[in-house]
Amino acid sequence: MTSRTAGGFLLVLSLLLQGVATSRLLCPPNSLPSLAPLRIACPPLLWPFTDYPMFSEPHREGDSLAWIEARIEMPDRAPRILGLYRVRTAESETWEAAFEREERRLVGVLDAEVSSSPRSSRLTFQRNRLVLGERGLVAP
Amino acid sequence: MIRSFRRAWDRFWFPPIPLGDLACLRIVWAGAVLAYFLSSDLTHSIARLEGPHAEGFHPLPLLRLLALPLGGAESLTRGKLEIVLVATQVAGALAVLGLRTRWSLLAFAAGSLLLQSWFYSGQPLTHHVALLQWSLVLLAFSRCGEVLSLDAWLARRSKREPGRNPTDLAAEGAWPARAVHALLALAYLSAAATKVLRGPENWFTGWTLHYFVSFHALRSGSEAGLWLAERHAWITAIAWIVVAFEVGFVLSIFQRRARWIWALACAVIHAGAALFMGVVFPSFPVLCACLIPWTTVATGIARLRAPRERGRAAA
């Protein structure tokens with residue numbers, strides 16, 4: 001195979017696969033069930049040919065960034081941070097309800113951590129929420 | 001009509017290119033992938049592999065293909081992967097130096113794609129080196145080892161072949177550079193399309209970008225990020241510039257003389273993303289090396305220096 005023939009083949013193959021990956025021609029969205037049979041090459045099937053959707057999740061003024069800081073408070077010791085957990089509201093859910101729902105979930109998830117800590121340790125949650133405005137993410 | 005299409009196709013994709021340009025692309029791209037392998041998490045991931053792969057391991061199609069000579073994707077053990085990693089790094093060093101260039105570059109490309117696709121078969125996928133690794137495959141089928149390489153030095157020494165010059169033209173040789181240029185343009189179009197289609201009003205009013213800048217600034221405490229996060233008008237302007245760049249990049253394929261401006265813009269955009277958003281994505285600026293006429297630049301610099309050196313010699 002000459003370099004020209006190999007070049008032509010690789011060129012067409014590359015452009016074709018990158019075109020399919022970026023256009024998502026063979027991966028229509030789930031919201032279009034009639035096109036479901038076309039979902040035959042969704043990412044990452046064509047890797048190293050992929051689409052580039054980074055930082056496109058839409059946000060608007062007033063959007064919130066909310067998270068819970070989970071800690072274990074132990075007697076005679078500094079509290080230990082177990083992690084930061086993102087909180088999102090479900091449709092028509094208030095922030096209060098969303099925080100409560102996530103805290104209930106975390107109690108179950110972090111149960112093993114609490115059990116393995118010294119007796120009389122307790123799990124605490126600190127709620128945090130910032131709102132997007134002209135000066136960035138600031139306290140509401 | 002078919003004949004005229006073929007002529008246009010050849011003129012566009014297969015023009016001649018200086019051998020020095022291809023050699024520079026080999027050194028820059030292979031050097032970048034090699035540097036990535038020396039600093040990535042891959043070594044640790046392979047070292048952590050014990051026994052069969054975990055439940056979340058779903059081999060990518062490319063891994064299934066590349067792992068066939070090793071007994072298949074499912075049978076990749078830590079020992080095999082460590083051998084592939086060492087062989088890939090050795091092949092990478094040889095490709096940069098230009099020894100047995102075609103084969104070392106091909107082995108480097110295949111090894112790096114195998115290792116990366118193995119990593120992504122069990123870990124969340126990112127795309128930061130994907131195109132760079134594929135570019136090595138394209139380059140392996142070019143004459144990128146004929147100058148600025150150990151192959152060229154050895155050939156000159158043994159007088160097997162006439163010594164070639166970096167300014168000598170490789171007939172029909174520009175296709176790998178052109179192909180990578182077009183792949184980059186498609187990638188940028190994809191990035192622009194998702195931003196615009198998913199929420200045009202959110203992007204063009206600056207709020208989507210503002211959110212990500214603020215989020216990074218809060219998480220990292222970046223002073224540059226915190227400074228920018230307080231300036232919504234600036235962020236809105238940047239959001240427009242980013243989409244204009246991503247959509248307009250395709251024009252650089254047709255603007256030969258202005259290509260270096262697009263390469264510079266690419267470097268500035270990605271440097272800004274790293275500074276203000278913590279998004280370190282150097283592979284696209286590295287790939288933009290295909291927009292720079294390296295041999296013309298080197299010849300120009302040599303011409304500028306020549307009168308000075310002649311003056312010094314006369315004095």
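Contact here means heavy atoms within 4.5 Å, and the structure to which the word is applied in these legends is a predicted model.

Figure 1. B:Thr208 is found in helix 11 of chain B, the helix formed by residues 207-220.

Figure 2. Of its 315 residues, 46% count as buried, while the chain exposes about 16000 Å², of which carbon and sulfur atoms supply 66%. When contacts between residues at least 6 apart in the sequence of chain B are considered, 78% of them join residues at least 24 apart. The chain carries 30 positive and 17 negative side chains, and the centres of these two sets lie 11 Å apart.

**Figure 3. Helix 6 of chain B, residues 101-122.** This helix has 22 residues and reaches 32 Å from its first C-alpha to its last, which is close to the 32 Å expected at 1.5 Å a residue. Because 16 of the 22 residues of helix 6 are buried, the helix is largely enclosed by the rest of the structure.

**Figure 4. B:Glu146 in the loop between helix 7 and helix 8 of chain B.** The loop that holds B:Glu146 runs between helix 7 (130-140) and helix 8 (150-158), and the residue is partly exposed there, with a relative accessible area of 25%. The side chain of B:Glu146 is joined to that of B:Arg143 by a polar contact of 2.9 Å, and to that of B:Arg164 by a polar contact of 3.4 Å. The C-alpha atoms of B:Glu146 and B:Ala35, which are 111 residues apart along the chain, are separated by 23 Å.

**Figure 5. Two cis peptide bonds of chain A, at A:Pro44 and at A:Pro48.** Most peptide bonds are trans. The bond from A:Pro43 to A:Pro44, however, is cis, with omega near 10°, and the bond from A:Trp47 to A:Pro48 is cis as well, with omega near 15°. A:Pro44 is found in the loop between helix 1 (3-23) and strand 1 (64-73) of chain A, and A:Pro48 is likewise placed in the loop between helix 1 and strand 1.

**Figure 6. Positive phi values at A:Asp76 and A:Ser92.** Most residues other than glycine have a negative phi. At A:Asp76, by contrast, phi is near 60°, and at A:Ser92 phi is near 55°. A:Asp76 lies in the loop between strand 1 and strand 2 (80-87) of chain A, where the residue is exposed, with a relative accessible area of 81%. A:Ser92 lies in the loop between strand 2 and helix 2 (95-109) of that chain, and is exposed with a relative accessible area of 78%.

How values were computed:
Residues numbered from 1 in each chain as written. Chains lettered and ligands numbered in written order. Predicted model: local features only at pLDDT ≥ 70, side-chain atom pairs only at ≥ 80, totals over all residues. Heavy atoms only, no water. Buried < 20%, exposed > 50% of the residue type's maximum accessible area, 1.4 Å probe, protein only. Areas by Shrake-Rupley, 256 points an atom, 1.4 Å probe, with all protein chains shown as cover. Lys, Arg positive; Asp, Glu negative; His and termini not counted. Charge placed at Lys NZ, Arg CZ, Asp CG, Glu CD. Helix = DSSP H or I, 4+ residues; strand = E, 2+ residues; numbered from the N terminus. Expected span 1.5 Å × (residues − 1). Polar contact = N/O pair within 3.5 Å; in protein donor to acceptor, adjacent residues only side chain to side chain.
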